Amino acid sequence: MYRRILVATLLAVAVTAVVLGLPLGVTALKLVEDFTRADLSTRSQQIATSLDEQVASRHPIDVESVLLAVPRDARLMVRTKDHEYVYGSDPGASPLTESVPMVQSGTVTLSAPSAPVRTQQFQVAGLVLLLVVLSAGTGMVVAGLTARRLADPLRHVAARAARLGAGDFRADPKRHEVPELDRVADALDASGAALSQLVQRERELVGDVSHQLRSRLTALQLRLEALATAPDPEVSEEAAAALEQAERLSNVLDDLLAAATAARARDAEPLDVSEALTEAAAEWREPLRSQGRTLRQRVPEGLLARATPGRLREAIGVLLDNAVRHGKGTVTLTARNGGGTVVVEVGDAGPGVPDQLVPYVFERGFSAGGSTGVGLALARALVEADGGRLELSKARPALFEIFLPVARADDVLGVPWKIESRPR
């Protein structure tokens, strides 16, 4: 896009320079010659008038009295009925000549060499060319600035759309003072909010359905197991068959839940946790520094987890934002290997979460500090979408832990990841 805008603007500048520069150059060359000829004509007229006055007063023609009006290096030729007077050197080939008739039957002719005029014309042409080059150069600078001013916002909006597709639903407050692009940014923010609510509703629905079905299946299996031990052989046999069908239904439920989890986590990939947390920390150091607080990061190198970069960045951003808004003191961001999982911890030295509020911190719409109450619920939904989980491991001071699946060797080698179904 940048190149297209730049080329289009430069083409317009070039066309303008050619359309205006060529006529301007031709006109300037014509004016130089016209000015010289006009000067010769004026001088010739002055000489003819002076000589006419001499003839009218019946004095002999004195050509020397008018030589002051003859330009340097020009030749004066005066023709009368009886005489021809010539003064000055030969002006060379292709001179500029102007003739003026005398009242007393004669002509005055001035011839000037054309070389000085051609030199002036070359100088004027060079000046016009310089002006065209300067205009084109100025146009190039303006084109570059204009292309950058239009291309940078487009790249930013494209990157915002890419982050939204990757699961980063945070609103982007940056605007570019371009009404059309700002409307696109507003639409992306609205789409991000709608998608975050959709992800949250999906997680709640899957969780509710899973809990309800499992509870009912467990109760049904217990009743069937009791009937399977009944003394009546016919009842016992039917109960055993029904119990087998219930177990198959439980396995189907496990498979469906595993498939839903796999579908949500299809974009998950082996991720360098150190790099991801370093980027998140760099984003939040300045807001903490403005409050006189610090952010400490302790992440070992080579720690690989399986997660979606955008979702993890969003979840970490929510936890750090929560620490900025509601916490105090130093904020810590650490990661460690938890034996089969990668544990990311975000904590601060604030008063923490009151005991009576601990069960509700991840509920949508709940907030103890006047916020929307969406952040922590969304963060948990995003983490669980990648097969992890988010927990409040310590209430006072607050310490949140994200548990992510460890990237396996076949993940790193490029073998597709498969979620195994295990009955609970």
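My entries follow, one topic at a time.

**Ground rules.** I am working with a predicted model, where local features need pLDDT of at least 70, side-chain atom pairs count only at pLDDT 80 or more, and totals for chains, interfaces and linings use all residues. Residues are numbered from 1 along each chain as its sequence is written, and side-chain values use heavy atoms, with hydrogens and water left out.

**Entry 1: strand 11.** I began with strand 11, residues 399-405. Helices (H or I, at least four residues) and strands (E, at least two) are DSSP runs, numbered from the N terminus. Is strand 11 largely enclosed, or open? Six of its seven residues are buried, so the rest of the structure largely encloses strand 11. Here buried means under 20% relative accessible area, exposed means over 50%, and partly exposed is in between (1.4 Å probe, protein chains only).

Next I looked up the partners. Two strands pair if DSSP finds at least two bridges between them. Strand 9 (residues 341-347) pairs with strand 11 in the antiparallel sense, over seven bridges. In strand 11, Leu 404 stands opposite Val 342. Strand 10 (residues 389-394) is also antiparallel to strand 11, over five bridges. Glu 391 faces Glu 401 of strand 11 as its opposite residue. Strands 10 and 11 form a hairpin, with four residues between them.

Entry 2: The peptide bond from Arg 396 to Pro 397 is cis, with omega near -15°.

**Entry 3: salt bridges.** How many salt bridges does the structure hold? I noted 13. A salt bridge is a side-chain nitrogen of Lys or Arg within 4 Å of a carboxyl oxygen of Asp or Glu.

Glu 401 forms a salt bridge with Arg 336, the closest N and O atoms being 3.5 Å apart. This pair links distant parts of the chain: Arg 336 is in strand 8 (residues 331-337), Glu 401 is in strand 11, and they are 65 residues apart. Glu 401 is buried at 10% relative accessible area, while Arg 336 is partly exposed at 38%.

Glu 391 has a salt bridge with Arg 380, with 3.3 Å between the closest N and O atoms. Glu 391 lies in strand 10 and Arg 380 in helix 7 (residues 375-385), so the pair ties together parts eleven residues apart in sequence. Arg 380 is buried at 16%, and Glu 391 is partly exposed at 31%.

Then I turned to Arg 37 and Glu 98, whose side chains meet in a salt bridge (3.4 Å, N to O). Arg 37 sits in helix 1 (residues 2-56) and Glu 98 in strand 3 (residues 96-102), 61 residues apart, so I logged a link between distant parts of the chain. Glu 98 is buried at 19%; Arg 37 is partly exposed at 26%. Both belong to a network of salt bridges that links Glu 33, Arg 37, Glu 98 and Arg 118.

**Entry 4: positive phi.** Asp 73 has a positive phi of about 65° although it is not a glycine. Asp 73 lies in the loop between helix 1 and strand 1 (75-79). Ser 94, not a glycine either, has a positive phi of about 50°. Ser 94 is exposed, at 57% relative accessibility.
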